[in-house]
Amino acid sequence: MNENEQPVHPAPLAGAPRAIILFGPPGSGKGTQAKLLKESLSVPHISTGDMLRERIASGDPLGLEVQALMQAGKLVPDETVNRLVHERVRAKDCAGGFVLDGYPRTIPQAKVLEAELLRLGYQPVVIHLKVDYTKIIARIAGRRQCPVCGSLYNLTSHPPKQPELCDLDGARLMVRDDDREQVVRARLEAYERQTQPLLEFFAASGRPFHEVDGNDGSPTAILERVRALLG
Ligand code: AMP
């Protein structure tokens, strides 16, 4: 499938399983919300960032290909992520719907996804997490991740019980390579230039599109806002 391919089926009927697209800048809390939604709706969480990091960690050729781009805060090629998502959404566990986190990030990706969801009979719902840039920079600076189980922490808003250790498995927490300041700036620049234009694309698509204030409140309070919109 390529980005110019047109949808071949009519829009899915109401009641079709939902593809929840979590949209927002790096540091907006997409990853945290996606994990909470996964638990509360019992649907898979599909994070292209996690999928790519797994490929890097396992030394897979695709991982080697994308490593330098990710470390520089740049987006990896559309075809690469489109292929990963194409395979993942066909897995059996996605039949009841799923949450997309960090995909689509460009207009070509959004067009491919739109056609894919129509073809497979999913109803897309976009949730835009809105957060101020000053908050984003502060959040990313305090972000830590467990290298073993992937749990996310924040030194100010969600610290681990023991400094720098994962609550679940005791592993030493890490700063993601791409959370370092210079890289964060590059990621925000990529967001503004390549990803933000998607807001107009989503608005014009006529698909359900909701904005959620992600500035204040605990992750569970924000989850409640998201759940209220999802109905
Ligand atoms: P994330 O964990 O979603 O912040 O993604 C981390 C990095 O993975 C990004 O900065 C990109 O280098 C790459 N990445 C993840 N998802 C995509 C995507 N949809 N398109 C292009 N690059 C991506």
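Start at Ser151: with 15% relative accessibility, this residue counts as buried. The model you have open is a predicted one.

**Stop 1: Ser151**

Select Ser151 in the loop that joins β5 to β6 (152-154). Now show its contacts beyond four places in sequence: Arg144, Gln145, Cys146, Cys166 and Leu168. Then pick Asp167 and draw a C-alpha to C-alpha distance from Ser151. The two residues are 16 apart in sequence, and the distance reads 8.8 Å.

**Stop 2: helix α7**

Move to residues 181-195, which form helix α7. The helix has 15 residues. From first C-alpha to last, α7 reaches 20 Å, close to the 21 Å expected at 1.5 Å a residue.

Colour the buried residues of α7: Val183, Val184, Arg187, Leu188, Ala190, Tyr191 and Thr195. They span an arc of only 155 degrees around the axis, so they sit on the same side of α7.

What packs over the buried residues? The cover of α7 includes strands β1 (18-23), β4 (123-130) and β5 (143-145). Helices α3 (61-71), α6 and α8 (198-205) are also part of that cover.

**Stop 3: Arg187**

Stay in α7 and select Arg187. Is Arg187 buried or exposed? Its relative accessible area is 11%; buried means under 20%, so Arg187 is buried. Beyond four places in sequence, Arg187 touches Pro26, Gly73, Arg143, Arg176, Asp178 and Asp179.

**Stop 4: the ligand**

- Thr48: an N or O atom of its side chain is 2.8 Å from a ligand nitrogen.
- Arg53: an N or O atom of its side chain is 2.9 Å from a ligand oxygen.
- Gln109: an N or O atom of its side chain is 2.9 Å from a ligand nitrogen.

**Stop 5: confidence**

Finish by colouring the protein chain by pLDDT. The chain mean is 90, and 94% of its residues reach 70 or more. Which helix has the lowest confidence, and which strand the highest? Helix α6 (residues 133-141) is lowest, with a mean of 84, while strand β3 (residues 98-101) is highest, at 98.

Last, select residues 1-10, where pLDDT stays under 50. The model has 18 contacts for this stretch beyond four places in sequence.

Key: Residues numbered from 1 in each chain as written. Predicted model: local features only at pLDDT ≥ 70, side-chain atom pairs only at ≥ 80, totals over all residues. Heavy atoms only, no water. Helix = DSSP H or I, 4+ residues; strand = E, 2+ residues; numbered from the N terminus. Buried < 20%, exposed > 50% of the residue type's maximum accessible area, 1.4 Å probe, protein only. Contact = heavy atoms within 4.5 Å. pLDDT = per-residue confidence, 0-100. Expected span 1.5 Å × (residues − 1). Arc of directions from axis to C-beta. Polar contact = N/O pair within 3.5 Å; in protein donor to acceptor, adjacent residues only side chain to side chain.
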